[in-house]
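Please examine the sequence and the three-dimensional structure shown below. The report that follows describes selected features of them.

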Amino acid sequence: MAPLVRIQNFVVSTDGYGSGEGQSLEHPFGHADPETLMSWAGATAHWPNRTDPGGTYGLDDYITRDYANNVGAEIMGRNKFGPERGPWENYDWQGWWGEEPPFHTPVFVLTHHPRPSFSKGETTFHFLDASPKDALTQAFDAAGGKDVRIGGGVATVREFLDADLVDTMHIAVAPVEIGRGEKFWTGPNEYVERFHHEQIPSPSGVVHNFFWRR
Ligand SMILES: NC(=O)c1ccc[n+]([C@@H]2O[C@H](COP(=O)([O-])OP(=O)(O)OC[C@H]3O[C@@H](n4cnc5c(N)ncnc54)[C@H](OP(=O)(O)O)[C@@H]3O)[C@@H](O)[C@H]2O)c1
């Protein structure tokens with residue numbers, strides 16, 4: 001099977017926001033509470049940051065596991081990588097994720113302000129000023145025959161969808177309103193002409209939306 005371009009485990013609020021307003025160092029999702037958006041995944045047995053035993057093994061866990069399944073590279077926007085905007089003052093900031101970022105693959109950070117690549121644990125971050133199509137070419141070259149995940153944030157995911165470069169998409173709608181910030185959609189109907197769509201509610205309260213190309 002040819003490798004895919006996947007949007008995976010992207011979370012939005014019931015009113016369609018993927019992030020709140022006013023991102024900062026202390027608040028990566030702006031005024032939105034990441035705990036509330038991500039609690040469905042955090043409760044699963046395979047949540048990568050789990051420090052205690054236990055966790056659920058149901059639908060949410062299957063999806064959490066699929067996050068890394070057959071993914072060979074990620075493309076993300078610069079605002080997912082960090083809160084700084086504009087030219088880099090220095091290269092001290094190396095992402096929110098500590099010494100072992102959860103990607104374990106090459107990650108291509110799109111920005112108009114490139115900087116040198118660096119590695120943290122098993123993840124290497126590269127910085128690219130490129131169109132979505134050219135970024136994908138580089139990501140597939142690095143992905144060793146595996147899929148490329150479009151990891152967010154909102155603007156980047158929308159950019160790849162607008163360019164019609166996405167093969168499959170999983171959007172989790174969390175039972176919370178954000179009210180303002182980075183809007184992803186008005187609802188799944190925006191994409192049903194281009195994609196098949198299945199909607200599956202989980203007992204956790206999240207509604208999983210799966211899309212694949214028509
Ligand atoms: N809901 C979720 O599942 C989820 C997932 C990931 C992240 N997030 C959140 O989403 C928010 C970030 O989203 P966002 O919409 O603000 O921004 P974003 O998509 O992360 O980044 C947008 C920035 O990426 C750069 N960029 C994008 N396309 C480019 C291209 N083709 N060429 C060069 N540069 C390009 C530009 O940065 P420059 O200004 O540097 O040029 C642009 O301003 C954060 O709060 C993050 O925590 C949510």
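Apart from residues up to four places away in sequence, His 113 touches Gly 86, Pro 87 and Trp 88; two residues are in contact if their C-beta atoms, placed from the backbone, lie within 7 Å. The model is predicted: local features need pLDDT of at least 70, side-chain atom pairs count only at pLDDT 80 or more, and totals for chains, interfaces and linings use all residues. Residues are numbered from 1 along each chain as its sequence is written.

His 113 is found in the loop that joins strand 4 (106-110) to strand 5 (118-120). Strands (E, at least two residues) and helices (H or I, at least four) are DSSP runs, numbered from the N terminus. His 113 counts as exposed because it has 12 C-beta neighbours inside 10 Å.

The ligand is surrounded by 28 residues, among them Gly 77 and His 112, which belong to the closest; a residue is near a molecule if its C-beta atom, placed from the backbone, lies within 6 Å of it. Helix 5 gives the largest share of this shell, 4 residues. The table divides the shell by class; Ala, Val, Leu, Ile, Met, Phe, Trp, Tyr, Cys and Pro count as nonpolar, Asp, Glu, Lys and Arg as charged, and the others, Gly among them, as polar.

| Class in the ligand shell | Number |
|---|---|
| Nonpolar | 9 residues |
| Polar | 13 residues |

Key. A residue is buried if 20 or more other C-beta atoms lie within 10 Å of its own, exposed if 12 or fewer, and partly exposed in between; C-beta atoms are placed from the backbone.
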